[in-house]
Amino acid sequence: MSLLSLLFVLATAYLAVFLEAAFGGFRHLVGVQLDLLPPLMVYAALSGGMLTITVLAVAGGLLLDSISVNPLGVSVLPLIAVGVVIYGGRELILRDQRFAQLVLGLAASTAVPALTLIILMTTGHKPLLGWGTLWQLAVMGVGGALVTPPCFHLFARLERALVHSRAPETSFRADREIRRGRS
Amino acid sequence: MLKRPHYIAVSLVVLLTLIILNLPSRATARLKLTIGSLFLPLVGLVHSADQLAGKATGALQPRGELVQQNETLRRENEELRLQAALAEGTERENARLRQLVGWQPRQRSRFKLASVILREPSNWWRSVEIDVGSRDGMTTNRAVLSPDGALVGRIASVRLTRSQVVLLGDPNVHVAALVDNETRDMGVIGASGPLGSGLVELGYLSKSANLKPGQTVRTSGQGGIFPRDILIGQVVDSQPVEYGFGTVARVKLAARLDALEEVWVLTE
């Protein structure tokens, strides 16, 4: 992943956190706000390196916590945990398959809030919990799953539009050319 | 497969996070303020876009409709002025009677209007950010009211130009409340359910509490943060708890917390 792609991911994380805080349309509809960082982490883990995962987890987590009642830093650990797990098994994942993207988006978007809640409770905080939390996790999971393939599509288009693709290497070498006839 | 540098990177992030989580609350607040200020340009952009859209809508509205609206508002204003004048008379009378009885005079409340600029992105807290901060004289624990005068929450943290308001129903907000009935039952407003249906729990009520649906719940003034007699909501139902030694009621909040756009902050 190039530096420009890393910047795209970071800029998207910044916008995603702002959108979550500024627009509550989805929350009005189903009573749950979607978290857009886990789908982004799925993309980063499958397309980028460990640097992208680390930077996205730290920046995204801190940005989210800075405008939330969450203690600062609590969202970083779940994000990096999910990123590292996907990164560890990415050689076995068909990353271009929509189904794989959906499943990973579902798993990541359910795991991140669940892990955040576990960390919050472990550190002595009392978040709002109840049977409704199961509904929240389900909606966040399904919403995250649906957002993940468009996320891959968006970044693929951005990369095609803005990042230079490497010229394909050929086996032709000018110094090894056989010249026929008299020169 | 993960390699050694990967493990080192992850360990460093975990260590950094643990350090941040264990920082003193003042340092964390400053760090939150610094990182949160990165959103200021976007907040400004959305505010300007809102204003532009408002202006455009105003320009497109027919003149006749505007004149009619103006007339309605003028009448409403006159009615409110009359009510304010009558209330002033009652207030003077109240102050005089208080003086005669020897009670402390009641202080007049002052409010500052603020706009809601951001909402809580997580689903397990209830909070909003408003566009007034320490620059406007805000401090923590000031009561925040809806435009209709119903209680919304309290200021939890203050930044230079913004403040974070924790809303009723958040686990960090507890309000001493009084039910408007014959027995004047007192309890404490606590957390709501995770889905934010506008219902909160009124706990610590006595077992003999005489609660009926529709009874009004107001702040009792105890606890030192919220002044007395601010409307909270209405009782929906109640049930005995703790093997019949206490009662818990569900209260429907008067303020629509999911649709807040502007709020009043109590300044004095």
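What volume does the largest pocket have? About 820 Å³, in a predicted model.

In this predicted model, local features need pLDDT of at least 70 and side-chain atom pairs count only at pLDDT 80 or more, whereas totals for chains, interfaces and linings use all residues. Residues are numbered from 1 along each chain as its sequence is written, chains are lettered from A and ligands numbered from 1 in the order in which they are written, and side-chain values use heavy atoms, with hydrogens and water left out.

**View 1. The largest pocket and its lining in chain B.**
The largest pocket, with a volume of about 820 Å³, is an open set of points on a 1 Å grid over the protein atoms alone, with protein on both sides within 12 Å along at least five of seven lines; grid points are joined across faces, edges and corners, and a volume is the space filled by probe spheres set on the points. Its lining, meaning residues with an atom within 4 Å of a point, holds 22 residues, and B:Q107, B:R108, B:S109, B:F111 and B:R228 lie nearest the centre. Helix 4 (63-101) and strand 12 (262-266) of chain B each supply at least two lining residues, where helices (H or I, at least four residues) and strands (E, at least two) are DSSP runs numbered from the N terminus. Helix 4 of chain B gives the largest share, four residues. By class the lining of the largest pocket has nine nonpolar, five polar and eight charged residues, with Ala, Val, Leu, Ile, Met, Phe, Trp, Tyr, Cys and Pro counted as nonpolar, Asp, Glu, Lys and Arg as charged, and the others, Gly among them, as polar.

**View 2. The second largest pocket, between two domains of chain B.**
A volume of about 660 Å³ belongs to the second largest pocket, whose lining of 29 residues has A:V69, B:S25, B:T28, B:A29 and B:K32 nearest the centre. Two or more residues come from each of helix 1 (4-21), helix 2 (25-36), strand 4 (151-158) and strand 5 (163-167) of chain B, and the largest share, seven residues, is that of helix 2 of chain B. The second largest pocket lies between domain 1 (4-59) and domain 2 (110-268) of chain B because both give residues to its lining; the domain bounds come from an automatic or database domain assignment. The lining of this pocket comprises 13 nonpolar, 11 polar and five charged residues.

**View 3. The contact between domain 1 and domain 2 of chain B.**
The centres of domain 1 and domain 2 of chain B, taken over C-alpha atoms, are separated by 27 Å. Six residues from domain 1 and six residues from domain 2 of chain B take part in the contact, defined by heavy atoms within 4.5 Å. The two domains of chain B bury about 490 Å², 68% of it from carbon and sulfur atoms, where buried area is the accessible area (1.4 Å probe) that two parts lose on being put together, summed over both. On the side of domain 1 of chain B, B:L33, B:L40 and B:V43 lose the most area to domain 2, together 64% of what that side buries.

**View 4. The interface of chain A and chain B.**
Chain B contributes 46 residues and chain A 50 residues to the contact, and the area buried between the two chains is about 4,200 Å², 72% of it on carbon and sulfur atoms. Between chain B and chain A the count is zero salt bridges, a salt bridge being a side-chain nitrogen of Lys or Arg within 4 Å of a carboxyl oxygen of Asp or Glu.

Note on methods
On a 1 Å grid over the protein atoms alone, a cavity is a set of points where a 1.4 Å probe fits but cannot get out, and a pocket is an open set with protein on both sides within 12 Å along at least five of seven lines; lining residues have an atom within 4 Å of a point.
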